[in-house]
Amino acid sequence: MHKFHFLATMIGTALGLGVVAGMPAAHAASLIPEQEGEIKTNLGCLDPNKCIDTTSLGYTVTSLDYDGAGGYGASRLFVDDRATSNTYQGSGLKVSFGTKDAGTNTGVNEYWLRPVAITESGKLPENGQLEIGRFLFEFTEEMSEITLDFFDVEDIGTGVLLINGKSVDNMMLSAGKNNGIQTLTFYNVKSFEVQLGNAYSSKFPKYGDGVNLSGIKGTPKAVPEAGTTLGLGALAVAGMFGLRQRKKSVLAG
């Protein structure tokens, strides 16, 4: 009975060591592509040569209708650095970003997600310079933490609407300063739905309140690697039996 208890304890210890050793280190990493182009969504891309597929970064993006039966439909989403001018053309649309915007100017040499509003009739308000949209981000694995930076929130209407398909409270941002940055952080995330900007702003009734998104930093949940865990456990147990066998040989000699 004593030997059996000892063996069970050693196996438990070995497996425990395997779990610890099999836990990969989790580090927060930016999920914003560091290249300019259009994010591939359910809308596809205007220019297939300037299309960014985020599946390699561990998530996909779905563009949702901005206001249901209102005047705006699903927006397109781009990665933009204000240091350069870019034009995207296709599907009867032409979107141009200059080095200076009418109202929302991010820092130079910084990559920001920039939504482009499209009306239900397929038109581009402000020639593509109205930064509003509603998007669903879905991750291939659960993230223990997500941090979002919002640029130039000047009116109420921007924030996170749902996390993991459920409505959330206290995730809408208050009106801030021109070109200011506000941050939201939330945990245990498989998906989130975010609204950017306010097309019906009372502060800016003619143009709306445009908002860009960046600083998406995610930390995947650390999980044990099954092969490593079992392998280390088996090695530990095998080593224990080898030790017992050597002791027997010594005694026999």
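Is Thr-41 buried or exposed? Thr-41 is buried, at a relative accessible area of 9%, where buried means under 20%, exposed over 50% and partly exposed in between, using a 1.4 Å probe on protein chains only. Before going on, note that this is a predicted model, so local features need pLDDT of at least 70, side-chain atom pairs count only at pLDDT 80 or more, and totals for chains, interfaces and linings use all residues. Numbering runs from 1 along each chain as its sequence is written, and side-chain values use heavy atoms, with hydrogens and water left out.

Back to Thr-41: this residue sits in the loop between strand E2 (37-39) and strand E3 (51-52). Strands (E, at least two residues) are DSSP runs, numbered from the N terminus. Setting aside neighbours within four places in sequence, Thr-41 is in contact with Val-61 and Ser-63, contact being heavy atoms within 4.5 Å.

Now for the rings. The whole structure holds eleven aromatic pairs, meaning rings of Phe, Tyr and Trp (its six-membered ring) with centres within 6.5 Å; planes under 30 degrees apart are stacked, over 60 edge-to-face, and the rest tilted. Phe-78 and Tyr-88 make a tilted pair, 4.8 Å centre to centre with 45° between the planes. Phe-78 belongs to strand E5 (residues 76-80) and Tyr-88 to strand E6 (residues 86-90), so their pairing ties together parts ten residues apart in sequence. Both Phe-78 and Tyr-88 are buried. Tyr-88 also has the charged end of Lys-50 sitting over its ring, 5.3 Å from the centre; the test is NZ of Lys or CZ of Arg within 6 Å of the ring centre and within 35 degrees of the ring normal. Elsewhere, ring pairs link Tyr-59, Phe-137, Phe-139, Phe-186 and Phe-192 into a cluster.

Then there are the pockets. On a 1 Å grid over the protein atoms alone, a pocket is an open set of points where a 1.4 Å probe fits, with protein on both sides within 12 Å along at least five of seven lines; lining residues have an atom within 4 Å of a point. Volume is the space filled by probe spheres set on the points.

| Largest | About 230 Å³ | four nonpolar, six polar, six charged |

Of the 16 residues lining the largest pocket, Ala-102, Gly-103, Thr-104, Tyr-207 and Gly-208 are the closest to its centre. Strand E13 (residues 212-220) gives the largest share of the second largest pocket's lining, four residues.

Key. Ala, Val, Leu, Ile, Met, Phe, Trp, Tyr, Cys and Pro count as nonpolar, Asp, Glu, Lys and Arg as charged, and the others, Gly among them, as polar.
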